[in-house]
2 protein chains.
Amino acid sequence: MDDWSDYLVCLAVAEAGSLTAAAQQLGVSQPTVTRRLQALEQRFGEPVFDRDQGQSRLTTLGQKVVAHAKRMREEASAIERAVIAQDQSLSGLVVVSASEGLGADWLPRALASFQRANPQIGIEIAIKNHSANLADREADIALRWNGPGTQQSLIGRRGATVGAGLYAAREYLDEYGRPENVEDLADHACVGWTVGDFFGWPSTVSGSAVVPKNISFKANSPASHLKGIEAGFGVGVTSHRLARHCDNIERILPEFTTSLDLWVVAHETVRKSGRVRAAFDHIIAQMQADSAYFTRGESSIL
Amino acid sequence: MDDWSDYLVCLAVAEAGSLTAAAQQLGVSQPTVTRRLQALEQRFGEPVFDRDQGQSRLTTLGQKVVAHAKRMREEASAIERAVIAQDQSLSGLVVVSASEGLGADWLPRALASFQRANPQIGIEIAIKNHSANLADREADIALRWNGPGTQQSLIGRRGATVGAGLYAAREYLDEYGRPENVEDLADHACVGWTVGDFFGWPSTVSGSAVVPKNISFKANSPASHLKGIEAGFGVGVTSHRLARHCDNIERILPEFTTSLDLWVVAHETVRKSGRVRAAFDHIIAQMQADSAYFTRGESSIL
DNA sequence: TGCGGTGAATACAAAAACGTATGGATGATT
DNA sequence: AATCATCCATACGTTTTTGTATTCACCGCA
């Protein structure tokens, strides 16, 4: 009768990449995963994983199993969400997902006051580089740089507008000169992104086209991107709130400003829950209260 | 880690109507079902079933759980089908679903020869009054009075055309007279159907409208419908193959004939399996070989 | 009102599953 | 080339889960 659970094990192994990793992800021991998989393969009479060479790769059959198991998990998560929505009490756990920067910086402080006001509600901050999958209940609430988007049954509210500008390290500017106007930018090295749609290098500033000479450094996270600017790789676009913490970088061409909207997103069913709704509303309120921090990087509130 | 299995238990209880019935349907003991449900409700912190009055009714939350669990089962069934499709060996079990009449009469004989030719393949005949849900793998192959229909991913072939005509009990005809022509039919009592779209009372015969005086008897299955005709309730439309077995009924107005197509349906994935495909093809072939039996009721082959 | 039947919860023994510890095999690293 | 690390399979003692048997509660029926 543990058929369905075996599918869950199978899915975990496929996603974790190894039986050992899947075991600790599931909260069971590695031999248990081994046995459950053996049971599954014995029931099927067909192997699900090829473990010829140490590493486990899915067989053709295994791929189908995993595909269906993923949908099973979505339904299972929907059940959990329904249970949470049912729960109107202001107690329990709320999982908030955010990217590195916000998760480590603003979010803990913002939620601390919430936790003091609602001691019965536990807070868990899940740092995810990718967007947390709210459908699979990786989190109850997610902070995102875009709205609910195409995904159905998600609700989102724009919480803050994060302002950004052009920055460069002081040493870099001392060596290569401070751009006086927009045209000068074309001669400078650019610090860019490998992935994601964070603050981008401006294509035009005040109507003039900007073509950076070269991209000297690329990062895949706001933190390392900022480190690249600090290290003097060149000029980059970063938020005022991050730049504020760096003493050795300097804003240039202050007439250039850009911004990105910060969204708070949750599943519509989960938001029916008393505690999730309370946390959601608190985050929104806190963001609005800290709007000066987000838009201009003013750290008076810290 | 048995979370998913608990949902299966919950679904079984909802569908079976009682913990005891669910237990034997799942192949476990009744206390196990009790405990699994308790575990589920403890995990939720909310009741799933109201068991105030002996009978178990779903709570609002329980209804949601069951709805999602049903979709989980569809995915789980899809996994099982994928495994069966993978299995190209001519051994294992094939479940064939049919309505009462065919399931008890023609089908066993038709599959007997198949079983002799393929001793490694076990045959199970599932008599279902409703159309077996092939998506949930209630059966591998189903005999139906209509094609695959709207359901996606089902494949069907028309196997036989079942002929039918107007019949009535000899005693009834002796008492109320044998209709000589179509117009006489309007004065006779009619044996009809409560549900389903089996052979219907003709609206027109040879161009003349037929309005039966009254419907004296309604049945919800071919067998009881025939019993109604045999009992002398009036004139009814039944298949020649069923009428052939009744000595005390008599065909009237032989110029009226109608027919219904008998389909053999299977899931496209399941049909990839060697044994299911073999059984499928055998049933089609046997139907075609027995076409005289289906269309005119000739029992030479019995 | 008493009685029989059905369905759900408890008690204890048996069985199954699990975890810790260990061994063997493969690939990476020094 | 040797060592180390990682990962999977096996062995054994323990925990957990399950099944059998029983009891309890409830509804229908006489």
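## Nonpolar core

In this predicted model, the largest nonpolar core comprises 158 residues. The residues with the most contacts inside this core are Tyr7(A), Cys10(A) and Ile141(A), together with Tyr7(B), Cys10(B), Val13(B) and Ile141(B).

Leaving aside residues up to four places away in sequence, Ile141(A) touches Val94(A), Val96(A), Val264(A), Ala266(A), Val276(A), Ala279(A), Phe280(A) and Ile283(A).

## Relation between the chains

Chain B is superposed on chain A by a rotation of 180 degrees, with 0.0 Å of shift along the axis and an RMSD of 0.2 Å. The two copies are therefore related as by a two-fold rotation axis. The same surface serves both copies, for 96% of the contact residues of chain B recur in chain A.

Which residue of chain B comes closest to the rotation axis? It is Met72(B), whose C-alpha lies at 2.4 Å from the axis.

## Contact between the chains

Chain B contributes 27 residues to the contact, and chain A contributes 26 residues. On the side of chain B that touches chain A, the elements giving two or more residues are helix H1 (3-16) and helix H4 (60-86) of chain B. Of the elements on this side, H4(B) gives the most, with 13 residues.

By residue type, the side of chain B that touches chain A consists of 15 nonpolar, 5 polar and 7 charged residues.

Note on methods. Residues numbered from 1 in each chain as written. Chains lettered and ligands numbered in written order. Predicted model: local features only at pLDDT ≥ 70, side-chain atom pairs only at ≥ 80, totals over all residues. Least-squares fit on C-alpha atoms with pLDDT ≥ 70 in both. Contact = placed C-beta atoms within 7 Å. Core = buried A, V, L, I, M, F, W, Y, C linked by C-beta atoms within 7 Å. Buried ≥ 20, exposed ≤ 12 C-beta atoms within 10 Å, placed from the backbone. Helix = DSSP H or I, 4+ residues; strand = E, 2+ residues; numbered from the N terminus. Nonpolar A, V, L, I, M, F, W, Y, C, P; charged D, E, K, R; others polar.
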